[in-house]
Amino acid sequence: MNPQSDHRRQVTVIGAGIVGISCALNLLRDGHDVTVVDRVPPGGGCSRGNAGLFSSDSFVPLSLPGTLRKVPGWLLDPLGPLAIRWRHAPRLLPWLIRFVLAGRPDRVKAICDALEPLLDSSLEHHLALAKGTEAEGLIRSEGCMYVYEDAKSLADEAKSWDLRQARGTIVEKLNAAQIREREPALAPIFEHGYYVSNVGHTVEPMLLVKGLAKYFAQSGGVILQREVRYIEIGPEGPSRLITDGDDLDIDVLVIAAGAFSNRLTAGLGSPVPLEGERGYHVTIANAGIPLNMPVFANTYKFIATPMAPGIRIAGTAEFGGLDAEPNFARADVLATHAKWMFPDIDTSDVTTWSGLRPTLPDSLPVIGPSPVFGNLFFAFGHQHVGLTGGPRTGKLIADLVAGRAPNMDIRPFRADRF
Ligand SMILES: Cc1cc2nc3c(=O)[nH]c(=O)nc-3n(C[C@H](O)[C@H](O)[C@H](O)COP(=O)(O)OP(=O)(O)OC[C@H]3O[C@@H](n4cnc5c(N)ncnc54)[C@H](O)[C@@H]3O)c2cc1C
């Protein structure tokens, strides 16, 4: 760390997920006094149970026209990857309209252009961030495979693959035999596939964040377990956090509160249309089958990842608002999918989890300075790619706090774009 910094500030980060901890570590390395505040221990939010991929190729927006056409069918299918709690539908409607508009060809291109540099070289950014921490040993670099049952489902995704390859993603096309050769435990139903080599993964996302947080604390950072209830504003901007414990005076504030960020930013003059997009996982211990790398099954839009505690099947998108209880029947669906994908898998020893992805309708995060206050910065809204983009986001926030020009265009991520 660099305690001699001339520009040492007292920086408070709300949120100890992968994004907040990445910000905190980068800020500490710049020589600032950094405090992280979270109502749960580090890595206890959405960063806890994700699929673990550092998927640098996932810069294509969620709202591609081909995807939108499938939405009605998915909503009607109880095993489908998408669900809306109908009580939440009226509040979701404006978000959905923006989501659909983000699928226009000119917007798709702009979104890919904006997101690609944020996600690029994620594996390398993770390795650099984790160097010398307990997180380092949790990182793998086996690449990732996408599998399709037939030529039609492959063709449906052609646009997405064209966009990826046009921006430099190197993919290897696979036939049925090549798929089985790489992953012998897969059901013999997948005729087509792609292998992407520049994808890494972690074998335990929660421990990855905890390892980084432990190093942060050992290096002089402070982590407080408090819920932030309200943010007081002084003459210069946010000045005090009102929490469920002692209140905290603040100098510089970074909001990295994941899906709950709008509850804090709205009162600071920056409301954003942020939804909590609920996902689920089942982790299958003692699965009794080999799995060498993460495999994305296009039919039901989920990922199977080899992890330390077992094979994790993660996916589904459910919109029900921030306060709706999880519906763990959707996790049971993922266990059913596991059997479909791996006929010989033993699913007798499973644990389930659910978490809220922070998702904005244009698939882009909010990263940058507040348009209202000079001592306030935002780092949230990373939808399906927060683990992938977390380390780079942390660097960007450290640059902004230090007054350095970021080495990528962050204007598409500004909070007042809506
Ligand atoms: C099923 C599933 C699979 C996924 N797979 C992948 C994947 O393979 N790769 C990938 O890149 N991404 C993946 N994601 C997305 C990724 O998990 C998220 O984008 C990422 O975890 C967001 O990180 P975050 O730090 O912004 O939010 P979080 O991890 O949710 O952290 C935010 C923190 O803020 C705290 N907080 C909120 N409000 C307050 C408050 N008022 N006071 C105090 N603390 C507060 C919360 O307690 C929480 O700990 C997946 C998500 C899901 C659900």
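The model is predicted, so local features need pLDDT of at least 70 and side-chain atom pairs count only at pLDDT 80 or more, while totals for chains, interfaces and linings use all residues. Residues are numbered from 1 along each chain as its sequence is written, and side-chain values use heavy atoms, with hydrogens and water left out.

**The six-stranded sheet**
- Six strands form an open sheet with mixed pairing, in the order β10-β2-β1-β14-β21-β20; strands are DSSP runs of E of at least two residues, helices are runs of H or I of at least four, and both are numbered from the N terminus.
- β10 (222-225) and β20 (366-369) each have a single partner strand, so one side of each has no neighbour in the sheet; two strands pair if DSSP finds at least two bridges between them.
- From one strand to the next, the twist averages 20°.
- Strand β1 (residues 10-14) runs parallel to β2, and five bridges join them.
- Val 13 has Val 36 as its bridge partner in β2.

**Helix α1 on this sheet**
- Helix α1 (residues 18-29) lies across β1, β2, β14 (252-255) and β21 (376-380), and runs at about 165° to β2.
- Axes are lines fitted to C-alpha atoms, for helices over the stretch in contact, and angles run from 0 to 180 degrees between N-to-C directions.

**Thr 35**
- Thr 35 is in strand β2 (residues 33-38).
- Thr 35 is called buried because its relative accessible area is 13%; buried means under 20%, exposed over 50%, and partly exposed in between, with a 1.4 Å probe and protein chains only.
- Leaving aside neighbours within four places in sequence, Thr 35 is in contact with Gln 10, Val 11, Thr 12, Val 13, Val 222 and Leu 224; contact means heavy atoms within 4.5 Å.

**The three-stranded sheet**
- An open sheet with antiparallel pairing has the order β11-β12-β13.
- Its edge strands, β11 (228-234) and β13 (248-249), each pair on one side only.
- Six bridges join β11 to β12 (residues 237-243), and Ile 233 has Pro 238 as its bridge partner in β12.

**A surface patch**
- Leu 93, Ile 97 and Leu 101 form a nonpolar patch on the surface, with about 280 Å² of accessible area together.
- Patch residues have over 30% relative accessible area and no salt bridge; nonpolar side chains (Val, Leu, Ile, Met, Phe, Trp, Tyr) are joined within 5 Å, like charges within 9 Å.
- A salt bridge is a side-chain nitrogen of Lys or Arg within 4 Å of a carboxyl oxygen of Asp or Glu.
- Accessible areas come from the Shrake-Rupley method with a 1.4 Å probe; for residues, only the protein chains shown count as cover.
- Ile 97 lies in helix α3 (residues 89-101) and is partly exposed, at 48% relative accessible area.
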